[in-house]
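Opening the notebook on a new chain today.

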Amino acid sequence: MGISGAAVQPVSEGNSESAVRFLIEWVSDGEAEARTYLTDHAEPEGASLVATDGPVVIGFVAIVWESNYAGFQCRGIPLVHQIAVAGPFRRRGVATLLMDAAEQLARDRGVVTLGITVGLFDEYGPAQRLYGRRGYIPDGRGACQGQRPLSKGARVTMDHDLIMWLTKDLVG
């Protein structure tokens, strides 16, 4: 089921070009956006980790230490901002390795609670299940369109901005 040679490591000079190629293929809309994405998720504002199978980047996770979501920002909850696994490696434990590493990095920084978002339509089903199994629970604001909670009767387009904000207690 898993990938025996998979390892997780911070993005560094030695693997940044591979990370950029991964982002271009699986996350971003081109090289400029991929490079900006890495820059925006670098220390001290954030952290980027890659999962590799030998020299090949097969997954990516980014954390921002200060979320721009007011519900997390006021409580000092960092945000797992992106997690992505290359198609051929999905459902083989790579996302679990990335989340283990991200949560440990947060613990090492003294973070008590970590946040994440998940989309609400079927494409996000595997992520919804993963986060639930890992102990992430809704933050209590219900479905949101971006940062805006939705009220009863609201009509929305089912897209990537329709999300739930989740948190996990990292201690105990």
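**Fold and packing notes**

I read the elements of the protein chain from the N terminus as β-α-α-β-β-α-β-α-β-α-β-β-β-β. That comes to five helices and nine strands, where helices (H or I, at least four residues) and strands (E, at least two) are DSSP runs, numbered from the N terminus.

Housekeeping: this is a predicted model, so local features need pLDDT of at least 70, side-chain atom pairs count only at pLDDT 80 or more, and totals for chains, interfaces and linings use all residues. Residues are numbered from 1 along each chain as its sequence is written, and side-chain values use heavy atoms, with hydrogens and water left out.

Next I looked up the overall dimensions. The C-alpha trace spans about 50 × 35 × 35 Å along its principal axes. The radius of gyration is 16 Å, which agrees with the value near 16 Å for a compact globule of 172 residues; it is taken over C-alpha atoms, and the globule rule is 2.2 Å times the number of residues to the power 0.38.

Then contacts, meaning heavy atoms within 4.5 Å. Of those with a separation of 6 or more, 60% join residues 24 or more positions apart.

How much of the chain is buried? I get 40% of the 172 residues, with buried meaning under 20% relative accessible area (1.4 Å probe, protein chains only).

On to the cores. I take a nonpolar core as a set of buried Ala, Val, Leu, Ile, Met, Phe, Trp, Tyr and Cys residues joined through side-chain atoms within 4.5 Å. The largest has 40 residues, and F60, V94, M99 and Y131 touch the most other members. Elements giving two or more residues to this core include α1 (16–26), α2 (31–40), β3 (56–64) and α4 (94–108). β3 gives the most, with six residues. I also found a second, separate core of eight residues, V64, I77, L79 and I163 among them. As background, nonpolar side chains tend to be buried together in soluble globular proteins.

Which residues does Y131 touch, not counting residues up to four places away in sequence? The list is I83, M99, I116, T117, V118, Y136 and L166.

Y131 is in α5, where G125, L130 and Y131 are buried. The buried residues of α5 pack against β4, α4, β5 and β9 (162–169). Following α5 I noted G135, with a positive phi near 95°.

Key:
Buried < 20%, exposed > 50% of the residue type's maximum accessible area, 1.4 Å probe, protein only.
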